[in-house]
Amino acid sequence: MVYRAKMTRILSTIESLYNLKQYTIVSDNKDSYIEVDNEEEAELIERLNKLEIERMNTYLTLIAKRNIR
């Protein structure tokens with residue numbers, strides 16, 4: 001079975017771990033996904049992607065707070 005994991009925000013991280021020529025990459029107009037053979041692996045990729053979104057949102061909030069002063 002194949003599991004699809006969103007990797008939009010962590011493409012460079014995934015490229016450093018996987019030879020993307022050996023995996024199916026699916027993209028739509030706003031997101032990119034990698035197809036892997038293991039559910040746990042897909043869940044870890046999804047978690048990294050969500051954490052990157054959270055990290056970026058936190059960073060932008062910090063920038064906004066700094067600019068208020």
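I call a residue buried under 20% relative accessible area, exposed over 50% and partly exposed in between, using a 1.4 Å probe and the protein chains only. The model I am reading is predicted, so I take local features only at pLDDT of at least 70 and side-chain atom pairs only at pLDDT 80 or more, while totals for chains, interfaces and linings use all residues. I number residues from 1 along each chain as its sequence is written, and my side-chain values use heavy atoms, with hydrogens and water left out.

I began with Ile68, which lies in helix α2; helices here are DSSP runs of H or I with at least four residues, strands are runs of E with at least two, and both are numbered from the N terminus. Ile68 counts as exposed because its relative accessible area is 67%. From Ile68 to Tyr3 I find 44 Å, C-alpha to C-alpha, for two residues that are 65 places apart in sequence. I then looked up Lys21, in the loop between α1 (11-17) and β2, and this residue is exposed because its relative accessible area is 80%.

**Entry: a nonpolar patch**

Which residues form a nonpolar patch on the surface? I find Tyr59, Leu60 and Ile63, which together have about 270 Å² of accessible area, as computed by the Shrake-Rupley method with a 1.4 Å probe, where for residues only the protein chains shown count as cover. A patch takes residues with over 30% relative accessible area and no salt bridge, joining like charges within 9 Å and nonpolar side chains (Val, Leu, Ile, Met, Phe, Trp, Tyr) within 5 Å. Ile63 is in helix α2, residues 39-68, and counts as partly exposed because its relative accessibility is 32%.

**Entry: salt bridges**

How many salt bridges does a search of the whole structure find? The search gives 3, taking a salt bridge as a side-chain nitrogen of Lys or Arg within 4 Å of a carboxyl oxygen of Asp or Glu.

I noted Arg4 with Glu35, whose closest N and O atoms are 2.5 Å apart. Arg4 lies in strand β1 (residues 3-6) and Glu35 in strand β3, so this pair ties together parts that are 31 residues apart in sequence. Arg4 is partly exposed at 47% relative accessible area, whereas Glu35 is buried at 18%.

I next noted Asp31 with Lys6, at 3.7 Å from N to O. Asp31 is in the loop between β2 and β3 and Lys6 is in strand β1, so the pair ties together parts that are 25 residues apart in sequence. Lys6 counts as partly exposed at 26% relative accessibility.

I also noted Arg55 with Glu52, where the closest N and O atoms are 2.8 Å apart. Both Arg55 and Glu52 lie in helix α2, 3 residues apart, which is about one turn of the helix. Arg55 is partly exposed at 45%, and Glu52 is partly exposed at 22%.

**Entry: Asp31 and Ser32**

Is Asp31 buried or exposed? I have it as buried, because its relative accessible area is 11%, and its place is the loop between β2 (24-27) and β3 (32-36). The side chain of Asp31 makes a polar contact with the side chain of Thr8 at 3.0 Å; such a contact is a pair of N or O atoms within 3.5 Å, where within protein one must be able to donate a hydrogen and the other to accept it, and residues adjacent in sequence count only if both atoms are side-chain atoms. Leaving out residues up to four places away in sequence, Asp31 touches Lys6, Thr8 and Val26, contact meaning heavy atoms within 4.5 Å.

Ser32 lies in strand β3 and is buried at 18% relative accessibility. I find its side chain in polar contact with the side chain of Ser27 at 3.2 Å. Beyond four places in sequence, Ser32 is in contact with Ala5, Lys6, Met7, Thr8, Val26 and Ser27.

**Entry: aromatic rings**

I count 1 aromatic pair, pairing rings of Phe, Tyr and Trp (its six-membered ring) whose centres lie within 6.5 Å, with planes under 30 degrees apart called stacked, over 60 edge-to-face and the rest tilted. The pair is Tyr18 with Tyr23, edge-to-face at 5.1 Å centre to centre and 90 degrees between the planes. Tyr18 is buried at 14% relative accessibility, whereas Tyr23 is partly exposed at 29%.
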